Amino acid sequence: MRSDRDQRSQLPAEEPPEGHRAGERSGLTAGDVRLYAAGERSPYADIREYLAGLLLPRDRNKTLTCLAGTEPVVGAQHAAVQRLQFFLSESTWDLEKVNARRVELLLADPATAPHAGGVLVIDDSGDRKDGNATAHVGKQYLGSVGKIDRGVVTVTTCWADERVYYPLHAVPYTPAHHFPKGKNDAGFRTKLQIGAALARDALRAGVSLRAVAADCAYGDQDAFRRELDAAGLPFVMALKPRRGAWSYGEEAYTPVVSTVA
């Protein structure tokens, strides 16, 4: 029986991406180059396989078996799944540094560089997750299913204009029961606090924008709007129909008047 290592050694060698040849500032170690020269699996192959699995349309959640294109449960021991498992669990990258570099590249590229006419959209999205062992899991409202259920919620920021949009930052929300002192714990943060912090992160990263936008789940919260205002961030927020808003003097108008204007 051939080992997984033997199977990997039979794979054809892959060329590294343009701009990452040996001798350039590719981030490869000498050991990586020796493996590549010896015909071993390319250090870029696992990254390609993982990203392809994330981007390809799938009919089910992006589990490891789904990313690798194998059957659920029974395919968990497949070599491709095991490679992805090892790649994700043993990689030593710093998530914040990797994302900071990604954002830096987006800001530097003329095709994606943010400008003063774009908006920063704050939102959250949840996915169902059974059990209690997974980090950040809890019973809460999940937008993907439109009801309260057990799952994981992530707060995100996205920059957008009429041409392009892309994610900037994402932080999972951790329900209070994960903390020793619940909501009184120093480490606990609400989704609103996370969203405001992500908006400030975008500002510090050099993201230009005209306004911060969010739905009524955020717009109805005075404390959230105050945090944005304190950071010098203009905002456009949706409000629930029962919620009123104050204006000064001649700036006052009704929704009907605004449609005429």
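The side chains of D201 and R204 meet in a salt bridge, with an N to O distance of 2.4 Å. This pair belongs to a predicted model of a protein with 261 residues, of which 29% count as buried. The secondary structure comes to 10 helices and 6 strands.

**Salt bridges**

- A search of the whole structure finds 6 salt bridges, including the one between D201 and R204.
- D201 and R204 both lie in helix 7, where they are 3 residues apart, about one turn of the helix.
- D201 counts as partly exposed because its relative accessibility is 26%, whereas R204, with a relative accessible area of 62%, is exposed.
- Another salt bridge joins the side chains of E104 and R101, at 3.0 Å from N to O.
- E104 and R101 are 3 residues apart in helix 6, so about one helical turn separates them.
- E104 is partly exposed at 45% relative accessibility, and R101 is partly exposed with a relative accessible area of 43%.
- R163 and D161 also form a salt bridge through their side chains, with 3.3 Å between N and O.
- R163 has a relative accessibility of 51% and therefore counts as exposed, the cut-off being over 50%.
- D161 has a relative accessibility of 15% and therefore counts as buried, the cut-off being under 20%.

**Nonpolar cores**

- The largest nonpolar core has 27 residues, and the members that touch the most other members are I122, L168 and V212.
- At least two residues of this core come from each of helix 6 (95-108), strand 1 (119-128), strand 3 (147-160), strand 4 (165-173), helix 7 (191-204), strand 5 (211-214) and helix 9 (222-230).
- Helix 7 gives the most to this core, with 5 residues.
- Leaving aside neighbours within four places in sequence, L168 is in contact with N99, R102, V103, L120, T157, C158, W159, A202 and V207.
- A second, separate core has 5 residues, among them L67, A68, A80 and V81.
- In soluble globular proteins, nonpolar side chains tend to be buried together.

**Strands 2 and 3**

- Strand 2 pairs with strand 3 in the antiparallel sense, over 5 bridges.
- K139 has R150 of strand 3 as its bridge partner.
- The hairpin of strand 2 and strand 3 has 4 residues between the strands, and G146 takes a positive phi near 70 degrees in this hairpin.
- G138 is placed in strand 2, which covers residues 138-142.
- G138 counts as buried because its relative accessibility is 0%.
- Not counting residues up to four places away in sequence, G138 touches D149, R150, G151, P175 and H177.
- G138 and Y173 are 35 residues apart in sequence, and their C-alpha atoms are 9.7 Å apart in space.

**Loop between strand 1 and strand 2**

- H136 is found in the loop between strand 1 and strand 2.
- H136 is not a glycine, yet it has a positive phi of about 75 degrees.
- Most residues other than glycine have a negative phi.
- With a relative accessibility of 24%, H136 counts as partly exposed.

**Surface and contacts**

- The protein exposes about 17,400 Å², and carbon and sulfur atoms supply 55% of this area.
- I47, L51, L54 and L55 form a nonpolar patch on the surface, and together they have about 380 Å² of accessible area.
- L51, one of the residues in this patch, is placed in helix 3 (residues 45-55).
- L51 has a relative accessibility of 43% and so counts as partly exposed.
- Of the contacts in the protein with a separation of 6 or more, 50% are accounted for by residues 24 or more positions apart.

Note on methods
Residues numbered from 1 in each chain as written. Predicted model: local features only at pLDDT ≥ 70, side-chain atom pairs only at ≥ 80, totals over all residues. Heavy atoms only, no water. Buried < 20%, exposed > 50% of the residue type's maximum accessible area, 1.4 Å probe, protein only. Contact = heavy atoms within 4.5 Å. Core = buried A, V, L, I, M, F, W, Y, C linked by side-chain atoms within 4.5 Å. Areas by Shrake-Rupley, 256 points an atom, 1.4 Å probe, with all protein chains shown as cover. Pairing = 2+ DSSP bridges. Patch = residues over 30% accessible without salt bridge, like charges linked within 9 Å, V, L, I, M, F, W, Y side chains within 5 Å. Salt bridge = Lys/Arg side-chain N within 4 Å of Asp/Glu carboxyl O.
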